[in-house]
Amino acid sequence: MRRLLVLVAGSLAAGMSLSLAAASAPAPGTSPATAGARPGVPLSSTAERVFEMAKPRILQIRTLLQAAGRQTTLGSGFVVSSDGYALTNYHVVSRFALDPKTYRLEYLAPDGAKGPLSLLAIDVAHDLAVVKVDHASLPYFEIDPRALAGYLPKGERMYAMGNPLDLGFTIVEGTNNGLVDKSYDERIHFSGAINPGMSGGPVTGADGRIVGINVAKRVDGEQVGFLVPAKFAAELLARARKGPPLAVDKAREEVGRQLDAWQASFYDALRREGFREASFGPYRGLESAAPWMTCWAATNADQVPRPRAAINSTSCSSATSLFVSDRILTGRVDLSYSYYKSIDLNAFQFAHELSRRSTAGFGNQARRLTEQECRDDFVAMPGSHRPPLRATWCMRAYREFEGLYNVTVLALTQDRDREALLARLTMLGVSYANAVDTGRRFLEAIRWAR
Amino acid sequence: MGAVMWIEVLSRHGEVAARERIEGPEARVGRAFDNDVVVDDPHVAPHHLRIFRAEDGELVAEDLGTLNGLYPEHGAHRVQRLPLAKEPGIRIGRTTLRVHDAAHAVAAERLLTPPRAHAAWAAALGGALLAALLALQWLNLTAEPSANLILLPLLGFTTVVVLWSGLWALLSRVFFGQARFALQLRIALTACIVLVAWEQAAGALSFGLAWRGLDEYEALGAWGLLAATCYAHLQAIGPRHMRIALGVIAALIVAGATMQYAGKSEESRFLGQEATLGELRPPGFRLRALSSDDDFLKRTETVKREVDQSRLREPPSGALFSGLDSD
């Protein structure tokens with residue numbers, strides 16, 4: 001659980017930067033064909049050729065503070081059509097998208113060319129954005145058809161480009177390790193060094209065609225990077241070409257719509273995957289059957305000094321995380337059960353111990369959310385095989401996005417005074433209907449084991 | 001006529017400094033030594049005042065034609081003659097006098113508190129309070145039991161109560177001449193016992209009724225109790241200037257309570273809040289009937305309405321980002 005949170009923080013909270021815009025370059029299609037690695041040629045020469053080809057096509061994307069005219073965040077991007085369409089991450093342009101009065105976008109090409117960028121489309125769920133360079137007949141990247149078909153062999157060499165830490169345009173050689181297991185979002189696991197500033201930069205195969213886009217890395221591992229698969233970029237690009245461009249002042253509403261759509265399909269998937277029973281001491285609870293819900297267990301049995309109440313807990317998390325802005329990470333479900341059994345605490349001490357431990361945090365996003373409101377109750381179904389529960393429902397609304405909430409449901413069994421199951425359900429960025437539906441399943445599932 | 005009157009000269013602090021018995025129909029007051037009552041006040045005339053009985057027998061004070069004149073004790077308007085039946089107080093210069101008839105009614109005899117009675121009460125209350133606090137400490141002890149953990153807070157608590165009572169005793173000594181520490185301690189200990197009982201009752205009710213809002217009333221109750229305690233301490237010191245003192249205390253307490261609430265809501269706004277089950281008690285403390293899942297989830301609609309309303313009340317500001325942090 002903790003490890004997954006680190007992933008979220010490390011990968012997405014770090015604002016990334018850069019890529020280069022091309023001013024002139026070889027015609028697409030010709031150089032990629034000659035760029036394939038040949039036997040007997042050292043690998044570095046492939047990287048050299050790929051970078052040579054990519055150089056006029058990559059961009060650094062800078063978010064400038066309107067008033068000061070200076071950069072506040074940096075990311076990368078790359079040109080994908082001759083009329084100047086370029087791709088990057090949503091999180092690279094999020095400040096501008098949500099607050100166009102304060103910020104503006106600018107690109108910087110490896111040859112030093114600079115210019116304004118307009119924002120055409122965003123995809124918050126996949127962390128992608130389409131921007132446009134005001135230029136005609138630019139060299140551009142092609143998307144690898146193998147990436148669109150989803151066939152990329154593990155172990156294949158890949159080349160990630162961008163401008164890490166504003167140190168200059170860089171190419172990083174790494175290995176494709178396929179889609180990440182147990183992940184709700186499709187992400188390519190790239191074993192190579194991706195660093196802040198490279199977000200939104202292109203990742204190509206040896207032939208220089210796009211297979212993915214740099215997006216994140218794990219800070220608790222070495223060279224564990226993640227890419228957005230190229231097919232989502234292709235979809236967004238098609239949408240940007242067809243639809244009207246994103247109205248600058250309507251971007252916030254668009255983000256809200258996308259978050260709502262994301263949570264709708266996420267909770268549909270959660271229901272579709274189904275739930276199963278799990279036992280915790282003499283109680284039972286709910287466990288998602290979805291492969292992307294990862295669970296961790298913990299115990300305090302080996303604690304020193306000897307614990308006065310034994311705690312065995314299981315926490316499951318969807319480990320999903322949507323970057324909305326620097327202050328908002330949302331789109332996650334956590335479900336945890338802790339079975340408490342008193343060793344030498346009396347009933348009062350046991351109750352006190354439970355009150356100390358019955359917290360479930362939302363993280364520190366206080367200003368983006370309304371104040372929390374909670375409702376307590378004692379809940380039970382008469383005549384059922386269920387223990388009575390002390391239940392709490394706590395809720396906060398997103399100030400920026402109507403109809404989205406952070407909801408925590410807590411339930412504590414009340415049938416014994418020195419033994420209890422404490423169950424917690426936390427849903428970030430959920431609609432009220434989905435929260436009630438999931439909350440109901442959660443409460444109903446707390447039963448006595450037979 | 002054998003009627004007797006008493007004239008009291010009061011000190012600047014309001015105590016009786018001298019009391020003269022006057023036999024005869026008339027008394028004269030002034031700085032000169034041929035008066036019945038001699039007042040050493042440079043703002044008083046040598047022959048300032050004459051006090052005599054009117055035809056109906058009522059005592060009346062009369063100005064003998066002075067520079068600074070004659071005032072009722074609490075009045076601001078100079079008078080030539082002042083009937084004394086209702087208000088026996090007179091102000092001349094900077095001196096206050098009171099004139100009483102021999103028939104003046106005095107308060108009934110007050111029962112004497114036996115010596116050490118307050119001390120005995122304080123000891124009993126203190127013992128009971130310490131026992132209650134020890135028991136509560138024990139019931140809330142979830143860490144490894146240790147004497148330090150239990151006794152240190154009690155020591156701190158005892159020190160605070162003794163200092164608090166000592167402060168009141170000091171005030172009492174300065175303004176009233178008597179410290180009466182045992183009485184002040186008794187008041188403080190009574191207040192502590194009421195506070196502990198109130199907190200426990202509010203905690204148990206808040207759990208038993210599943211009514212978290214009670215926590216807020218709990219703090220209000222504690223502030224109210226503090227006000228009542230200060231009132232009792234003041235009453236024990238003496239009733240003079242009671243209104244002013246009470247006003248000051250009320251203002252301080254209202255300010256304290258307001259600041260506490262403001263601080264709390266600021267804190268929750270900026271530091272965020274965690275979802276908790278609140279302060280729990282053993283399951284036997286439940287006072288409320290069990291609800292069904294449906295009832296419980298139905299009630300969450302009001303929670304939704306509340307957060308929706310607070311969302312509308314405070315719309316997001318234009319700027320989503322407060323800092324210029326560069327990554």
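**Strand pairing, overall form and chain contacts of chain B**

Strand β3 (residues 26-30) of chain B pairs with β4(B) in the parallel sense over 2 bridges; two strands pair if DSSP finds at least two bridges between them. Within this predicted model, local features need pLDDT of at least 70 and side-chain atom pairs count only at pLDDT 80 or more, while totals for chains, interfaces and linings use all residues. Residues are numbered from 1 along each chain as its sequence is written, and chains are lettered from A and ligands numbered from 1 in the order in which they are written. The bridge partner of B:Gly30 in β4(B) is B:Val38.

Both strands belong to an open sheet of 5 strands with mixed pairing, in the order β4-β3-β5-β6-β8 (chain B). Because β4 (37-38) and β8 (81-83) of chain B stand at the edges with a single partner strand each, one side of each is left without a neighbour in the sheet. Chain B has 6 helices and 10 strands in total (DSSP runs numbered from the N terminus, helices being H or I of at least four residues and strands E of at least two).

The C-alpha trace of chain B spans about 95 × 55 × 45 Å along its principal axes.

Contacts with chain A involve 51 residues of chain B and 70 residues of chain A, two residues being in contact if their C-beta atoms, placed from the backbone, lie within 7 Å. On the side of chain B that touches chain A, the elements giving two or more residues are α5 (242-271) and α6 (293-313) of chain B. The largest share, 12 residues, comes from α6(B).
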